[in-house]
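Let us walk through this protein chain step by step.

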Amino acid sequence: MVESPRKSRKKKPDLTPLVEEVTDRLIIENGYDAIGIPREIIRRLVLEIVEGIASQMSSKPKPGPVFNRIKRNIHLFEKALTAKLAENVDELTGDMAEFIITRNPEFSSRIAPLLYKRLVDLGRNDLIEILREQWNGIHQEFYLYCPKCGFKSLTPDFKCVICGYGPSEEEIREFNRIDQLLEDFIDTLDAESLKKLQAAGFFYFSSKIRIPDSPREPGESLFFLSKRDKARIIARLHEIGENL
Ligand SMILES: [Zn+2]
């Protein structure tokens with residue numbers, strides 16, 4: 001009798017009932033249904049985990065231990081879940097977006113431009129505020145706030161990486177109180193520095209204002225002196241008994 005090749009191969013265990021059971025327990029225990037997270041997304045994630053566990057075991061895994069293992073690392077599970085949810089940002093509800101933002105701030109900041117757009121569509125200003133705070137805390141490489149979205153997200157060449165807005169120099173100066181910062185800066189300068197600044201006709205700005213006595217550094221923005229700035233420099237020179 002010829003044995004069929006199918007019979008001789010070791011049969012792969014059917015993991016479906018296990019995956020279904022663990023999926024349901026996770027949904028109930030963590031309230032994922034109330035958030036509106038599609039069951040299918042959770043099921044796919046559980047399947048990936050179960051397949052990983054099964055490949056390391058000689059016997060078929062059991063629901064209890066699998067569930068407990070995921071529960072012990074629930075923060076990792078939810079981080080993976082946020083990434084899966086974010087695959088379709090345009091379909092996120094407010095609750096789902098909130099889940100992503102609160103469970104995985106670092107990831108939220110990475111996809112902040114997409115999340116921001118979705119939150120604007122949903123009218124969720126409360127979540128935009130949270131996202132903005134997270135972004136501003138994580139991304140220290142930006143120095144200027146965008147007048148439109150309020151994130152600290154303007155490139156040195158004045159383009160917003162969150163909302164795409166390209167504000168005018170005037171708008172940026174006003175929103176970021178550059179005039180005040182410059183005035184305070186001018187008040188700290190000696191005559192020589194004041195004359196250097198006046199002669200240059202512009203200044204650099206990153207974490208602070210800088211007289212352009214060396215080439216522009218990465219991250220620095222360039223602002224031209226306004227008539228008002230120039231008048232302030234002359235007034236300051238007079239104050240300290242100097243003339244241009
Ligand atoms: Zn913006």
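The protein chain is divided into domain 1 (16-138) and domain 2 (177-239); such bounds come from an automatic or database domain assignment. The C-alpha centres of the two domains lie 49 Å apart.

This is a predicted model: local features need pLDDT of at least 70, side-chain atom pairs count only at pLDDT 80 or more, and totals for chains, interfaces and linings use all residues. Residues are numbered from 1 along each chain as its sequence is written.

Now look at some helices (DSSP runs of H or I, at least four residues, numbered from the N terminus). Two packed helices are described by the angle between their axes and the distance between the axes. Axes are lines fitted to C-alpha atoms over the stretch in contact, and angles run from 0 to 180 degrees between N-to-C directions.

Start with helix H2 (residues 16-30) and helix H4 (residues 39-55). Their axes come within 9 Å and cross at roughly 125°. H2 is therefore oblique to H4 (under 35 degrees is roughly parallel, over 145 roughly antiparallel, 65 to 115 roughly perpendicular, and the rest oblique). On H2, the contact residues (C-beta atoms, placed from the backbone, within 7 Å) include Leu18, Val22 and Leu26. H4 brings Ile42, Val46 and Val50, among others.

H4 also meets helix H6 (residues 74-85). The axes of H4 and H6 come within 10 Å and cross at roughly 130°. So H4 is oblique to H6 as well. Here Ile41, Ile42 and Leu45 in H4 meet Ala80, Leu81, Lys84 and Leu85 in H6.

Technical notes: Helices (H or I, at least four residues) and strands (E, at least two) are DSSP runs, numbered from the N terminus. Two residues are in contact if their C-beta atoms, placed from the backbone, lie within 7 Å.
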